[in-house]
Amino acid sequence: MSSAGGHHADGAVWERRMVDRIAAGDDGALADVYDRYSSLVFGLALRVTCDRGVAEDVTQDVFVNLWKRPDRFDAGRGSLRSLLAAMARNRAIDIVRSRSASQRREDNEGHLATVPVMDVVDDVIRRDVSDTVRRALEQLPIDQRDAIALAYFGGHTYREVAQMLGIPEGTAKSRLRIGLQRLGALLHDEGVTA
Amino acid sequence: MSRDDLLTLLAELGIDDQVDDPEEASVLDALDVLAQASESPPPSSLLPQLLGAATGARPAGLPTIGAEPAGPLESFRSQIDVLTELFEHLDDDQWALPAHPYQWTLHELLGHLIGVEEYTGAVFGLWQQPQVSGSGDDHLARTDTHVAARAGRSPAESLAEWRALVDAVIDHVAQGGSDRLADEVTYEGWPFHVDSVLVARTFELWTHADDIRRAIGDALDVPAAPVLRAMSSVSVGSLPAAVLVVNPEQAGRAFKVVLTGPGGGTWQFGDPGAAPEATLVADVVDYCRVVARRIDPADLDADIVGDRQLVLDLLESCRLLAA
């Protein structure tokens, strides 16, 4: 028997134990997981949706879904952190797409002006990204920077990035990969490590 | 952000086909920094709101698998069926194998079960209390004469004798319905309701089925989740009273028991809203084996948070059910 608080256990072991406890109906374990990962989930949702209220809804959805379906976590396929991040990203993207579709319908009816997507992404980067990362992004060629911004900060798939920038999918993938490589090198030069 | 997170993201970006390339390390570094740069704490009001929504969808305490416990008679009958099948498939040599941890053969173990069933029927009012050779509340001594009597009977005769007693007990309870399940009886010197006796007997039958499996080299087995849920619920539910027998100073303490795996659950005792002074987290099957005295509390793979002595007293008290 061990007398240990769960937070101090090894990460993967801690995650598995927390999910087992959630499956057993222990809402205290859900609160513990929330304490550890809510900033990640909320931050991701906020980055994609640019709306604190919607990001809160996404965060609640993610953790309530974990409570309802803890069996979705399979330690053999990745960490709980990864699962929660993917759930947050997917839910946020769904909301943004739904909102975009709704806005397009309204645009077609002539009620609302279109907000250029890059303006929204730029706004996110200005608000939510550290100075160091922002400086590094600004040093990238504009085509790579736009691709990364749309994919990572805008929550779009590379196919959508290709469509939005009017470039072939292969080109979009290439810009993302090369851009991220350069970004990594720039951050490394700045002495930034995660 | 972990490497897993980064791989997930790269997959979503459609560039996961080269992540094993060492040159991709800079991609991972970049994404790592980007992710951390965007972490942001939600408002403090979100957690209670979220917990309310979660427990509205599935109440706290209920497991995702086996939330609805099997009825006491159904639980008892399920393990009778398991034992019957095990006994029916023993060959002549296997009946003579030792039934650890007892000094019996498997045939004599069946004799013990005959004695227990005769005692149970008497407690339930089916027939007169049998004369016993040992102390009236001694579970093993009470069945000494039944164990010794196996020498004059074949396994087939013993099996038929046991089944007749079992069927009589099952019929008696089934015909009495819910009123009979709520009857108060004194079993092994303790006050019980009939339904709790049946669940305690389920523990015993499962444990002896595993004793037989060990003897013949079969893998151990676990009851279905609803049966385990019935067993774990009765056992954990008895802890606030049982712990007073082990250590009266633990009266009224607030504690939480989390049993993981199908048929487990979460139970909290003490003043409503009070933070637990101790939490025990263990696998439900392992816990049930502690109750059945097949795992020593000191050997239980468990997490304890808070007052360790309280949890040790709880684990000692849960074994009273199998005394």
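In chain B, strand 3 (residues 255–260) and strand 5 run parallel and are joined by six bridges. Helices (H or I, at least four residues) and strands (E, at least two) are DSSP runs, numbered from the N terminus, and two strands pair if DSSP finds at least two bridges between them. This is a predicted model, in which local features need pLDDT of at least 70 and side-chain atom pairs count only at pLDDT 80 or more, while totals for chains, interfaces and linings use all residues. Residues are numbered from 1 along each chain as its sequence is written, chains are lettered from A and ligands numbered from 1 in the order in which they are written, and side-chain values use heavy atoms, with hydrogens and water left out.

**Strands of chain B**

Strands 3 and 4 of chain B form a hairpin with four residues between them, and B:Gly261 in the turn has a positive phi of about 100°.

Strand 5 (residues 278–283) of chain B is in turn joined by five bridges to strand 6 (residues 302–306) of chain B, and this pair runs antiparallel.

How many residues of strand 3 of chain B are buried? Six of its six residues are, where buried means under 20% relative accessible area, exposed over 50%, and partly exposed in between (1.4 Å probe, protein chains only). On one side of strand 3 of chain B the buried residues are B:Phe255, B:Val257 and B:Leu259, and on the other they are B:Lys256, B:Val258 and B:Thr260, so both faces are covered. In strand 5 of chain B, five of six residues are buried.

B:Ser317 is placed in helix 13 (residues 308–318) of chain B. It counts as buried because its relative accessibility is 2%. Apart from neighbours within four places in sequence, B:Ser317 is in contact (heavy atoms within 4.5 Å) with B:Leu239, B:Ala242, B:Val243 and B:Val246.

B:Ile170 belongs to helix 8 (residues 155–181) of chain B and counts as buried because its relative accessibility is 6%. With neighbours within four places in sequence left aside, the contacts of B:Ile170 are B:Leu73, B:Phe76 and B:Arg77.

B:Gln128 lies in the loop between helix 6 (106–123) and helix 7 (144–148) of chain B. Is B:Gln128 buried or exposed? B:Gln128 is exposed, since its relative accessible area is 70%. B:Gln128 and B:Glu118 are 10 residues apart in sequence and 9.4 Å apart from C-alpha to C-alpha.

**Cavity**

A search of the whole structure finds one cavity of 30 Å³ or more. On a 1 Å grid over the protein atoms alone, a cavity is a set of points where a 1.4 Å probe fits but cannot get out, and lining residues have an atom within 4 Å of a point. Grid points are joined across faces, edges and corners, and a volume is the space filled by probe spheres set on the points. The largest cavity holds about 30 Å³ of space. Its lining consists of B:Trp206, B:Thr207, B:Asp210, B:Arg214, B:Arg289, B:Ala292 and B:Arg294. Helix 9 (residues 194–216) of chain B gives the largest share of this lining, four residues.

**Chains as wholes**

Chain A has nine helices and zero strands, whereas chain B has 13 helices and six strands. Accessible areas in the table come from the Shrake-Rupley method with a 1.4 Å probe.

| Chain | Residues buried | Accessible surface | Carbon and sulfur share of surface |
|---|---|---|---|
| Chain A | 48% of 194 residues | about 8900 Å² | 45% |
| Chain B | 50% of 323 residues | about 13700 Å² | 51% |

Among contacts with a separation of 6 or more, residues 24 or more positions apart account for 60% in chain A and 65% in chain B.

Note on methods
1 Å grid on protein atoms, 1.4 Å probe; cavity = no way out; pocket = protein on both sides within 12 Å on 5 of 7 lines; lining within 4 Å.
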